[in-house]
Amino acid sequence: MTTRSLAIRSFLAIAVAALALAPGTGVARAQTPAAAAAQPAASARPASLDAILKQVALYDGGIESAAMWQLRDYVYARKDDAAGRAECEARLLAFLKTPASPVARMAASRYLRLIAGDSAVPALQAMLPDDKSSDLALYALQGIPGAAAERALVQGLGATTGATKIAVIAALGERRAASAVPALVPLLQQSPLSSAAAIALGRIGGEQASTALMAAFGGATGDLKAAVAGALLELAAGLEPGAERMPIYEKLAADATLPRPQRRAALAGRIMSGDARQTVIAMLTGQDPLAREAAIAHASMALSPDTVERVCAALPTLPDGDQVALIAALSGYRHDRVVAALLDAARSQTEAVRLAALKGLGQVGGAQTVAFLAERASSVKGAEQTAARAALGALKGREVDDEIVAQLGRKPADGPAGELLLAVGDRRIFAAKPVVSAALSSPTAGIRAQGLRALRGIGTPSDMPAVLDLLLSGQEDSDRVEAERTVVALAQKIDNLDGRSNTVKSRLAAERSPEARARLIGLLPLIGDPSALPVLRTLVNDEDADVRNAAVRATASWPTPAAREDLLRLARETRNQTNRLLVIGGLVRVVGLDRYRDPQAAVADLKEAAAVAWRPEEQKLILGALTKFPCQAALDLATGFVKESEVKEEAQAAVKAIAARMKKEAVTR
């Protein structure tokens with residue numbers, strides 16, 4: 001490992017530790033036992049700087065760093081005192097010339113950077129030509145303010161060579177040393193130093209640096225050309241916007257051999273430094289793909305009532321990918337011409353362009369786009385249909401809602417009508433209820449279904465009777481399914497839980513048709529109103545078999561544990577095998593709904609069900625539920641099923657699962 005690399009690595013180790021504990025950070029530093037033991041003595045009698053440096057000289061970057069902290073504290077305590085700074089400067093300069101460890105000497109250089117002044121410059125300058133000490137001197141000189149340090153670095157250009165000279169060039173660039181420009185310009189012609197000189201000149205800036213870099217750019221190639229271009233971009237960024245920047249950006253933008261990121265930055269600079277609107281339009285309509293890319297990225301700067309026509313006119317002339325990107329930019333500018341351009345783009349032969357245009361219409365469109373979006377959503381499938389529907393739902397303004405209602409009033413074709421009804425529900429257009437209600441009597445099943453879906457969003461419980469009419473009169477499964485869902489959705493809007501099924505119960509009491517009554521009974525568990533359970537208790541004994549079966553199925557599918565007692569009674573009394581399986585399945589389900597119920601009580605219910613569970617299918621349901629309530633009663637009940645040959649395997653698995661959970665819970669307790 002070279003002395004230079006060792007010094008740099010050593011310095012980094014010290015710098016990280018020191019920065020982490022700089023004044024004001026509030027971070028406490030860790031101490032070894034030896035350092036902690038030594039602290040009282042140190043605080044009682046402060047050590048001299050010579051004594052501290054003697055210990056620091058031995059530091060090699062290890063954990064034991066008490067001396068380094070003492071040096072830090074000593075320097076920081078004197079950094080604002082002229083006499084103290086002078087003492088530290090003299091001692092630290094002398095320390096740099098000792099055979100101390102590289103880590104220690106780099107620490108001294110760091111503190112010189114903090115407290116040294118002009119008086120330290122000659123000694124540091126003298127160290128620059130020596131590769132063994134140049135890093136130490138350069139690091140300190142770069143941070144010392146004032147003309148003396150800057151002059152020493154400029155003079156160091158003539159006294160150093162190789163990597164050290166490159167480091168001096170970089171230091172001058174970091175200092176923004178304008179006085180170094182005359183010395184740096186000739187270095188642009190020296191190949192080992194040219195890239196470093198270009199970077200430094202770009203960082204320093206100014207007219208002389210700009211002129212030199214522009215001249216060097218013309219004859220540069222390869223890596224040097226990229227370095228000079230980067231320097232010119234940095235220099236231009238520091239200039240005032242306007243005429244001073246433009247020649248740089250134009251020269252770089254015109255060179256197609258530059259790396260794309262640099263040329264893209266130059267093109268962006270051209271846009272930002274001149275008439276952005278005209279520049280964007282010129283680039284947009286040109287043949288340079290990268291210029292178009294830059295123009296599209298800044299298209300929002302070109303959009304105004306005076307220029308929007310030209311930007312929109314360019315849209316269809318662009319390649320598909322550029323069209324997609326420009327559409328995204330146009331989608332942030334609300335203007336009738338933009339809407340017209342996006343409507344045209346939505347008819348493109350390329351799906352990606354159509355999708356982008358539909359998305360854009362959702363952002364800038366208005367009432368004039370309603371009919372188009374509804375028609376498009378009804379005529380396509382997949383991503384394009386999803387995009388058209390999303391756009392129709394995203395259109396802003398009351399006038400859009402009014403247009404949707406007006407379109408429905410004109411009796412459009414079934415496809416667009418269905419999409420408009422869907423939008424009514426998505427947008428919650430309550431003023432559309434008359435046309436939605438009219439849709440429920442449409443001869444087309446799809447329109448009736450969309451009307452029911454819309455009614456879920458804008459309807460109220462007062463609309464339930466009309467939906468029940470459709471439920472009971474509908475001959476198609478889609479009507480019944482959508483009507484059931486709509487009744488349930490409207491019922492959920494009633495605040496009083498015990499009153500949600502009143503409309504259904506009233507209709508049920510008035511109906512005489514067994515088929516109609518069975519359909520109405522099927523709604524009760526979907527609504528889940530507890531006041532409907534007494535009605536079901538009566539109906540399970542109805543004289544009509546279809547009504548009885550519907551009531552049993554409704555009780556078996558009840559959504560809460562409130563039906564547990566009813567299911568236990570039905571499990572004992574029901575003789576219909578199909579209904580028995582449903583009842584026992586329902587009982588097992590409601591028992592398992594409360595996972596935090598006392599296991600003994602839950603198993604007691606399952607035991608009662610097991611007493612009437614004769615068929616293997618019923619017994620398997622009970623065994624599956626027992627594993628949710630691990631206790632001795634569950635283990636005993638599952639063990640009893642082992643002797644049943646048809647469920648022996650399931651019973652053994654349940655016993656094993658229950659025992660494992662009991663053991664786990666015992667360990668936890």
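The model described here is predicted, and local features need pLDDT of at least 70, side-chain atom pairs count only at pLDDT 80 or more, and totals for chains, interfaces and linings use all residues. Residues are numbered from 1 along each chain as its sequence is written, and side-chain values use heavy atoms, with hydrogens and water left out.

Two packed helices are described by the angle between their axes and the distance between the axes. Axes are lines fitted to C-alpha atoms, for helices over the stretch in contact, and the angles run from 0 to 180 degrees between N-to-C directions. Helices themselves are DSSP runs (H or I, at least four residues), as are strands (E, at least two), and both are numbered from the N terminus. Helix α36, residues 577-593, packs with helix α38, residues 616-626, at an angle of about 5 degrees and with axes 10 Å apart. The two helices, α36 and α38, are therefore roughly parallel to each other. On the side of α36, R580, L581, I584, G585 and V588 make the contact, and on the side of α38 the residues are E617, E618, L621, I622 and A625; contact means heavy atoms within 4.5 Å. The contact of α36 with α38 comprises six nonpolar, one polar and three charged residues. In this classification Ala, Val, Leu, Ile, Met, Phe, Trp, Tyr, Cys and Pro are nonpolar, Asp, Glu, Lys and Arg are charged, and the others, Gly among them, are polar.

The interior was examined next. A nonpolar core is a set of buried Ala, Val, Leu, Ile, Met, Phe, Trp, Tyr and Cys residues joined through side-chain atoms within 4.5 Å. Residues are buried under 20% relative accessible area, exposed over 50%, and partly exposed in between (1.4 Å probe, protein chains only). The largest nonpolar core has 209 residues, and those with the most contacts inside it are L124, L184, I404 and L626. Helix α6, residues 102-115, gives the most to this core, with eight residues. For L184, leaving aside neighbours within four places in sequence, the contacts are L157, I169, L172, A197, A200, L201 and I204.

Charged pairs were then considered. A salt bridge is a side-chain nitrogen of Lys or Arg within 4 Å of a carboxyl oxygen of Asp or Glu. The whole structure holds 38 salt bridges. One of them joins D605 to R564, with the closest N and O atoms 3.1 Å apart. This pair links distant parts of the chain, since D605 lies in helix α37 (residues 599-611) and R564 in helix α35 (residues 564-573), 41 residues apart. D605 also meets R597 in a salt bridge, at 2.7 Å from N to O. D605 is buried at 9% relative accessibility, and R597 is buried at 17%. In helix α35, the buried residues are R564, D566, L567, L568, L570 and A571; they pack against α33 (533-539), α34 (545-556), α36 and α37. Another salt bridge connects D344 and R347, whose closest N and O atoms are 3.6 Å apart. Here D344 is exposed, at 53% relative accessible area, whereas R347 is partly exposed at 46%. A network of salt bridges links R453, R456, E482 and R485.

Q450 belongs to helix α28, residues 445-458, and is buried with a relative accessible area of 10%. Beyond neighbours within four places in sequence, Q450 is in contact with G418, L421 and L422.

Loop residues complete the description. Most residues other than glycine have a negative phi, and most peptide bonds are trans. R176 has a positive phi, near 55 degrees, and is found in the loop between α10 (162-174) and α11 (181-184). The phi of R428 is also positive, near 55 degrees, and R428 is placed in the loop between α26 (414-427) and α27 (433-439). R176 is partly exposed at 44% relative accessible area, and R428 is partly exposed at 45%. S531 is located in the loop between α32 (514-527) and α33 and is partly exposed at 23% relative accessibility. Leaving aside neighbours within four places in sequence, S531 is in contact with D498, S501 and K505.

Technical notes
Parallel < 35°, antiparallel > 145°, perpendicular 65-115°, else oblique.
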